[in-house]
Amino acid sequence: MRPGNRATENSLRHLLNAWDPIGVADEVRDEYDCMLAPLLRRLHDGADRAEIGAFLRHELEDHFGLTPGPTDPEAMAARLVSWWTASGEGAACAWVAPVSARRTRRS
């Protein structure tokens, strides 16, 4: 899998929906799609758990208007970094256009 391809995006979407910090994933499957490209870019660039956790915390607070628990974003960050590493994505992969850029070209 390469970051930005449909399988990688779907896997990441599944993880975010399982986390479901605002509790709507059962009804709105793409609620967290705004985080796909930024997360994939960070993971591809070698971001660690702290950086991913800071991004998630910022998104929850500033984008979704939530006050996350003290370890919620950091626990999810650990899961995402572990998923990325286990999938072999961190080894060698080529970045492709972010999700939003590809959607624009398809329109």
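The structure is a predicted model, in which local features need a pLDDT of at least 70, side-chain atom pairs count only at pLDDT 80 or more, and totals for chains, interfaces and linings use all residues. Residues are numbered from 1 along each chain as its sequence is written, and side-chain values use heavy atoms, with hydrogens and water left out.

The pLDDT (the predictor's confidence in each residue, from 0 to 100) averages 83 over the chain, and 79% of the residues score at least 70. Over residues 91–107 the pLDDT is below 50, although this stretch has 27 contacts in the model beyond near neighbours in sequence. A contact means heavy atoms within 4.5 Å. Where pLDDT is low, the predicted coordinates should not be read in detail.

The chain contains five helices and zero strands, and the order of its elements from the N terminus is α-α-α-α-α. Helices (H or I, at least four residues) and strands (E, at least two) are DSSP runs, numbered from the N terminus. Of the 107 residues, 38% count as buried. Buried means under 20% relative accessible area, exposed means over 50%, and partly exposed lies in between (1.4 Å probe, protein chains only). Among contacts in the chain with a separation of 6 or more, 61% join residues 24 or more positions apart.

A nonpolar core is a set of buried Ala, Val, Leu, Ile, Met, Phe, Trp, Tyr and Cys residues joined through side-chain atoms within 4.5 Å. The largest such core has 23 residues, of which Leu 12, Leu 16, Met 35, Leu 39, Ile 52, Leu 56 and Leu 80 touch the most other members. At least two residues of this core come from each of H1, H2, helix H3 (49–63) and helix H4 (72–86). H4 gives the largest share, six residues. Leaving aside neighbours within four places in sequence, Leu 39 is in contact with Leu 12, Leu 16, Ile 52, Phe 55, Leu 56 and Leu 80.

H4 has 15 residues and spans 21 Å from its first C-alpha to its last, close to the 21 Å expected at 1.5 Å a residue. The expected span is 1.5 Å times one less than the number of residues in the helix. Buried in H4 are Pro 73, Met 76, Ala 77, Leu 80, Val 81, Trp 83 and Trp 84. Seen down the axis of H4, these buried residues fall within an arc of 160°, so they line one face of the helix. The arc is that of the directions from the helix axis to the C-beta atoms. Thr 85 and Ala 86, on the other side of H4, are exposed. The buried residues of H4 pack against H1, H2 and H3. Just after H4, Gly 88 has a positive phi of about 80°.

H3 also has 15 residues, and its first and last C-alpha atoms are 20 Å apart, close to the expected 21 Å. The buried residues of H3 are Ile 52, Gly 53, Phe 55, Leu 56, Arg 57, Glu 59 and Leu 60, and they pack against H1, H2 and H4. Arg 49 lies in H3 and counts as exposed because its relative accessibility is 53%. Not counting residues up to four places away in sequence, Arg 49 touches Ala 77, Ala 78 and Val 81.

Thr 67 is in the loop between H3 and H4 and, at 77% relative accessibility, counts as exposed. The C-alpha atoms of Thr 67 and Arg 57, 10 residues apart along the chain, are separated by 8.5 Å. Asp 20 is in the loop between helix H1 (6–19) and helix H2 (36–44). Asp 20 counts as buried because its relative accessibility is 19%. The phi of Asp 20 is near 45°, a positive value in a residue other than glycine. Most residues other than glycine have a negative phi.
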